[in-house]
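Here are my notes on the helix packing in this one, as numbered points. Have the model open while you read.

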Amino acid sequence: MTTVKAYLATHYDKLDFYTHAITNAHSQNHPEVFAVRDQYVQLRADASAGHQLDHNFAKLRQTTHDYAIPDDVCPVFEATYHMLAQADKLNASA
C-alpha cells in the first residue's frame with residue numbers, strides 16, 4: 001500500500017465524518033463543501049481501486065483554492081482541509 005493510500009485508510013473514519021459534517025455546518029456560506037465531499041468520496045473509491053490519484057487531488061486543490069481555510073469556519077473544517085492537504089502532499093512525493 002502506498003503512503004497516501006495508507007494515510008487515507010488510517011484517517012478514513014475521521015475524513016468521512018468531517019467531510020460530511022462540514023456540508024451540514026458550512027454549506028450556506030461555503031457551498032463548495034458539497035464538491036469537497038463528493039471529491040473525497042471519489043478519491044477514496046479511486047484509492048481503493050488502485051487508480052492514480054493526481055487528477056483527484058488536482059480537483060480538490062481547485063475546489064479548495066489550494067486548501068485555503070476561510071476565516072469564518074470551525075476547527076473541523078480546518079482539520080478537514082489540513083488532512084486533505086497532507087494526503088495531497090504524500091501523493092505528490094510518491
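Predicted model: local features only at pLDDT ≥ 70, side-chain atom pairs only at ≥ 80, totals over all residues.

1. Contact, throughout these notes, means heavy atoms within 4.5 Å.

2. Numbering runs from 1 along each chain as its sequence is written, and side-chain values use heavy atoms, with hydrogens and water left out.

3. On confidence, pLDDT (the predictor's confidence in each residue, from 0 to 100) averages 96 over the protein, and 99% of the residues score at least 70. Helix H1 (residues 3–10) is lowest at a mean of 95, and helix H4 (residues 54–64) is highest at 98. Helices here are DSSP runs (H or I, at least four residues), numbered from the N terminus.

4. Back to H4 and H5: they pack at about 140°, with axes 10 Å apart. The axes are lines fitted to C-alpha atoms over the stretch in contact, and angles run from 0 to 180 degrees between N-to-C directions. The H4–H5 crossing is left-handed, i.e. the near helix is turned anticlockwise from the far one by less than a right angle (clockwise would be right-handed).

5. H5 (residues 75–93) also packs on H3, at about 40° with the axes 13 Å apart. The pair is therefore oblique (angles under 35 degrees count as roughly parallel, over 145 as roughly antiparallel, 65 to 115 as roughly perpendicular and the rest as oblique). Glu32, Val33, Val36 and Tyr40 of H3 meet Phe77, Tyr81 and Leu84 of H5. That makes six nonpolar residues, no polar and one charged.

6. And the other neighbour of H3? H1 and H3 (residues 32–48) pack at about 125°, axes 10 Å apart, and are therefore oblique as well. Lys5, Leu8 and Ala9 of H1 contact Leu43, Arg44 and Ala47 of H3. Four of these residues are nonpolar, none polar and two charged.

7. How many salt bridges does the structure hold? Two, a salt bridge being a side-chain nitrogen of Lys or Arg within 4 Å of a carboxyl oxygen of Asp or Glu. One of them joins Arg37 to Asp16, with the closest N and O atoms 2.9 Å apart. It links distant parts of the chain, Arg37 in H3 and Asp16 in H2 (residues 12–26), 21 residues apart.

Definitions and conventions: Helix = DSSP H or I, 4+ residues; strand = E, 2+ residues; numbered from the N terminus. Nonpolar A, V, L, I, M, F, W, Y, C, P; charged D, E, K, R; others polar.
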